[in-house]
Amino acid sequence: MIKKSLLSIALAAACCSQAYAITPANLSQLGSGLDVTYSVLDNTQDEWRTFRGSLSLTNNSATDLPASGWAIYFSHIRMFKTVATSALKVTHVNGDIFKLEPTSQFQPLKQGETFSFEFDAGDWQVAKTDIMPNWYLVSEDKGQEITALITSTSNTINGKVPVKPGDELPFVSDFTSAKQWKRYNSSALADHYDPFTAKDRYERNADLNKIDNLAGVVPTPAAITVGTETVTLNNNWVVTFDNGYQEQAEYLAKQLGLQTVNWTPATSNTIHIGWGSVTVDGQQKWAEAYNLDVNTTTSTIKIKAVDQAGAFYAAQTLLQLKDGMAIPSANVTDAPRFHYRGLSIDTIRNFRSKDSMLQLLEQMATLKLNKLHLRLADDEGWRIEIADLPELTEVGSKRCHDITEQKCLLPFLGAGPNGTAESNGFFSAEDYREILRVAKNLNIEVIPELDMPGHAHAAIKSMEARYHNFMKQGDAAKANEYLLTDFNDKTEYHSVQMFNDNAMNVCMESTYKFVDTVVAGLVALHQDIQPLKTFHFGGDEIAGAWKDSPICQDFIANNNKGVTDVSELSRYFVERISTITANHGLNLGGWEDGLMHNNKVYPPSQMVNKQVAGNAWQNIWEWGVADRAYNLANNGYGVVYNQASHFYFDHPYEPDPEERGYYWAPRFTDTRKSFGFMPDDLFANADFTRAGVPITKEEVLAKAGVKSLERPENVLGLQGSIWAETIRTEEQFEGMLFPRAIALAERAWHTAPWEAHDKNKVAADEPARNADYNRFANLLGQQILPDMETDGISFNLPVPGAVIEAGVLKANSPFPGLAIEYSTDNGQSWQAYDQANPPAVAAPVKVRTVSGERSSRTASVN
């Protein structure tokens with residue numbers, strides 16, 4: 001029997017066993033001169049099952065592309081089904097990696113010639129960012145593989161990766177027809193989304209209007225009054241503090257450029273921070289609550305807080321009220337709605353640097369977000385240094401062309417033959433500790449996630465590399481010590497991301513030694529800075545593994561754990577992880593599907609941690625799974641509302657092929673949608689199906705097995721997520737996160753009076769919600785987003801709405817106050833748009849949003 005890892009090595013040799021006849025110089029020339037054009041032709045040909053695309057190869061190099069001896073490797077997020085040519089074949093390698101190579105019928109592609117062919121692939125592709133960059137040629141020279149990036153597919157343009165998909169992926173043809181931008185379009189299943197026109201946006205923004213002399217804070221405090229008189233801070237002011245509040249006083253003083261003293265005889269020009277009871281709506285608050293009083297008569301500012309966190313958040317409120325060095329008279333009483341207000345950040349699909357995380361922490365603190373759920377391991381990478389297992393980062397943190405994956409992972413998600421700055425990297429122990437130190441000072445808890453047992457390709461391959469290394473040294477004991485693979489497992493499966501080997505073998509004791517070791521490593525990293533409280537094991541999307549594993553078959557036949565079928569292995573794994581983490585004194589977190597099977601929740605009584613919590617994410621309304629949050633909470637698990645419909649910030653802002661992001665849950669998620677989320681009535685958030693058909697709460701309830709929340713005390717809070725498959729650079733990351741994360745912060749901190757409440761049988765007040773959003777959008781457009789621009793945060797710039805009425809251009813923004821420009825010469829020059837004095841124009845006109853040196857996509861007004 002051929003073992004899996006040996007089989008992969010054999011396949012690698014087979015991939016390169018042709019009679020190659022391309023020199024490195026010629027391969028480099030072909031890489032520079034081979035122009036690839038990728039086109040989506042028709043998503044609607046087979047309802048939702050397949051789409052038709054085309055590929056064109058134009059040889060503009062000084063070298064012929066020979067009849068054999070080469071292959072093109074590329075990332076493709078949909079499974080290839082058929083290729084409409086006998087001259088080429090496409091093979092699935094693993095994950096999203098495919099190989100295109102000539103058959104015996106391929107004729108040399110001479111200089112200046114083009115070879116085009118059509119293909120069918122699974123599902124659909126309706127956005128440019130569905131297509132991955134950095135395709136590359138592979139050949140062989142003197143017994144060694146050689147590679148060359150195909151420059152035409154590179155997403156590095158003039159030395160930089162652009163922000164806008166159309167600029168980043170020029171080899172992808174434009175989507176100009178409905179059959180290209182719709183996923184399906186039959187009588188049985190129709191996609192109701194079309195790209196917004198300038199008129200569509202204008203109408204969507206029509207109920208928004210600019211509010212002059214606006215004062216406020218985001219997230220909205222429980223009670224706030226702001227006056228017109230101000231105090232002006234100068235060097236005569238000092239910050240004083242009671243015992244226990246020195247850190248918060250020093251933080252605020254640093255932000256304001258003032259000095260701290262523990263006492264002063266002065267009765268004016270003082271900011272004092274100390275303890276005080278806080279009551280909100282008649283209820284005493286004991287965590288994170290504060291009162292802030294800015295008294296312009298006495299020239300004093302007093303902060304009373306129930307704890308250090310409350311004092312810190314009072315400081316954030318004060319800093320938002322500040323205009324220059326002037327602060328208006330104000331009185332604020334405040335406490336959070338939820339004590340879990342988080343962001344989960346995917347650092348794996350594309351890496352986020354330490355500096356990026358430090359900058360994010362500062363923004364989170366401003367928004368009073370207090371949980372950073374940091375995803376550190378998935379199929380495509382391992383991003384944290386674990387001292388006892390250096391292979392995890394030596395192999396698992398890098399991508400390159402190595403079919404054996406003994407020195408790096410395959411170049412998933414368009415990483416190219418040598419990886420990229422975005423695909424490669426990890427947090428060293430000191431990097432991670434610095435993140436923890438800053439997080440602690442900003443009242444943010446870091447919750448590390450290592451996804452397991454599925455989504456574990458990087459860990460599995462890293463441990464296989466370790467295995468082979470020690471076997472070469474003749475040390476079988478060390479080779480097997482942390483092995484996650486049953487090499488005799490013949491199970492055939494594909495994960496959602498098309499991996500065939502991404503599930504740790506849960507029947508091997510070495511798997512649990514691995515888990516214990518990496519958890520211990522995380523505990524050690526947190527020690528003495530921010531002691532680890534919760535380990536998040538992921539647990540999501542396990543794809544039919546272990547059925548034909550001899551080790552698992554033996555375990556099922558002979559165990560004393562009550563496991564009698566392969567379907568029970570996931571539950572067994574979770575219970576083992578619960579014990580391991582509890583032994584380290586930790587709580588346990590997981591994604592909702594990691595705590596249930598076929599919607600049946602695992603018995604909480606079998607979990608030994610003090611708390612086990614699940615992130616409820618899967619709520620596609622028409623699928624009948626939106627009740628999972630209630631199911632977990634009613635069964636005694638803690639629940640974090642992380643609904644994909646509102647809080648997956650990797651989704652596009654608009655249903656447009658030029659927008660970035662996957663769109664598997666809603667077709668798009670804008671800031672207004674995230675703002676409108678109502679935690680006290682999950683099903684009342686139902687709005688549209690994935691196809692864009694209106695859907696009601698009653699329709700969702702009809703499919704729900706669990707129809708109400710019986711144990712609301714188990715709802716811990718809200719979280720937004722960024723998944724980074726299409727998000728590479730810091731600018732792209734910030735644009736996808738902000739301003740939607742600001743809306744998340746608003747809902748996590750503040751309960752609005754317009755919200756629906758299922759238990760109290762209160763429906764949403766739509767006029768009040770719209771009015772509140774207008775206030776919120778004005779605060780963003782006039783205050784929050786300009787401050788972010790000053791701080792260097794590349795928040796998303798929305799495309800403005802516009803119409804021409806009676807020869808006059810009328811334009812508006814989803815964030816009143818953001819600057820709009822227009823062009824009457826097809827973008828050759830731009831002029832500032834003045835809403836009070838709209839210009840007379842003749843169509844066609846282009847409009848865009850601008851902030852600093854940045855600009856949005858343009859829209860044409862006809």
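Predicted model: local features only at pLDDT ≥ 70, side-chain atom pairs only at ≥ 80, totals over all residues.

Visitor: How many helices and strands does the protein chain have?
Guide: Helices (H or I, at least four residues) and strands (E, at least two) are DSSP runs, numbered from the N terminus. The protein chain has 22 helices and 37 strands. Its radius of gyration is 28 Å, close to the 29 Å that the globule rule gives for 862 residues, so the chain is as compact as a globular protein of that length. That radius is taken over C-alpha atoms, and the globule rule is 2.2 Å times the number of residues to the power 0.38. Along the principal axes, the C-alpha trace spans about 90 × 75 × 55 Å.

Visitor: What share of the residues count as buried?
Guide: Buried means under 20% relative accessible area, exposed means over 50%, and partly exposed lies in between (1.4 Å probe, protein chains only). Of the 862 residues of the protein chain, 59% count as buried.

Visitor: And which part of the contacts joins residues 24 or more positions apart?
Guide: Contact means heavy atoms within 4.5 Å. Among contacts in the protein chain with a separation of 6 or more, 74% are between residues 24 or more positions apart.

Visitor: Now the helices, please. How are two packed helices described?
Guide: They are described by the angle between their axes and the distance between the axes. Axes are lines fitted to C-alpha atoms, for helices over the stretch in contact, and angles run from 0 to 180 degrees between N-to-C directions. Helix H6 (residues 246-256) and helix H7 (residues 308-321) pack at an angle of about 15°, with their axes 9 Å apart.

Visitor: What word describes how H6 and H7 lie to each other?
Guide: Angles under 35 degrees count as roughly parallel, over 145 as roughly antiparallel, 65 to 115 as roughly perpendicular and the rest as oblique. H6 and H7 are therefore roughly parallel to each other. Gln248, Tyr251, Leu252, Gln255 and Leu256 of H6 make the contact with Gln308, Ala311, Phe312, Ala315, Gln316, Leu318 and Leu319 of H7.

Visitor: Is Gln248 buried or exposed?
Guide: Gln248 is buried, with a relative accessible area of 8%. Leaving aside neighbours within four places in sequence, Gln248 is in contact with Ile273, Gln308, Ala311 and Phe312.

Visitor: At what angle do H21 and H22 pack?
Guide: Helix H21 (residues 740-749) and helix H22 (residues 766-790) pack at about 125°, with their axes 11 Å apart. These two are therefore oblique to each other. Ile742, Ala743 and Glu746 in H21 meet Arg775, Phe776, Leu780, Ile784, Leu785 and Met788 in H22. The residues of this contact divide into 7 nonpolar, no polar and 2 charged.

Visitor: Where is Pro739?
Guide: Pro739 is in the loop between helix H20 (730-737) and H21. The peptide bond from Phe738 to Pro739 is cis, with omega near 15°. Another cis peptide bond joins Ala843 and Pro844, with omega about 0°. Pro844 lies in the loop between strand S34 (831-832) and strand S35 (845-851).

Visitor: Which residue has a positive phi of about 55°?
Guide: Asn269 does, although it is not a glycine. Asn269 sits in the loop between strand S13 (259-261) and strand S14 (270-275), and at 22% relative accessibility it counts as partly exposed. Leu413 has a positive phi of about 60° and is not a glycine. Leu413 is buried, with a relative accessible area of 6%.

Technical notes:
Residues numbered from 1 in each chain as written. Heavy atoms only, no water. Nonpolar A, V, L, I, M, F, W, Y, C, P; charged D, E, K, R; others polar.
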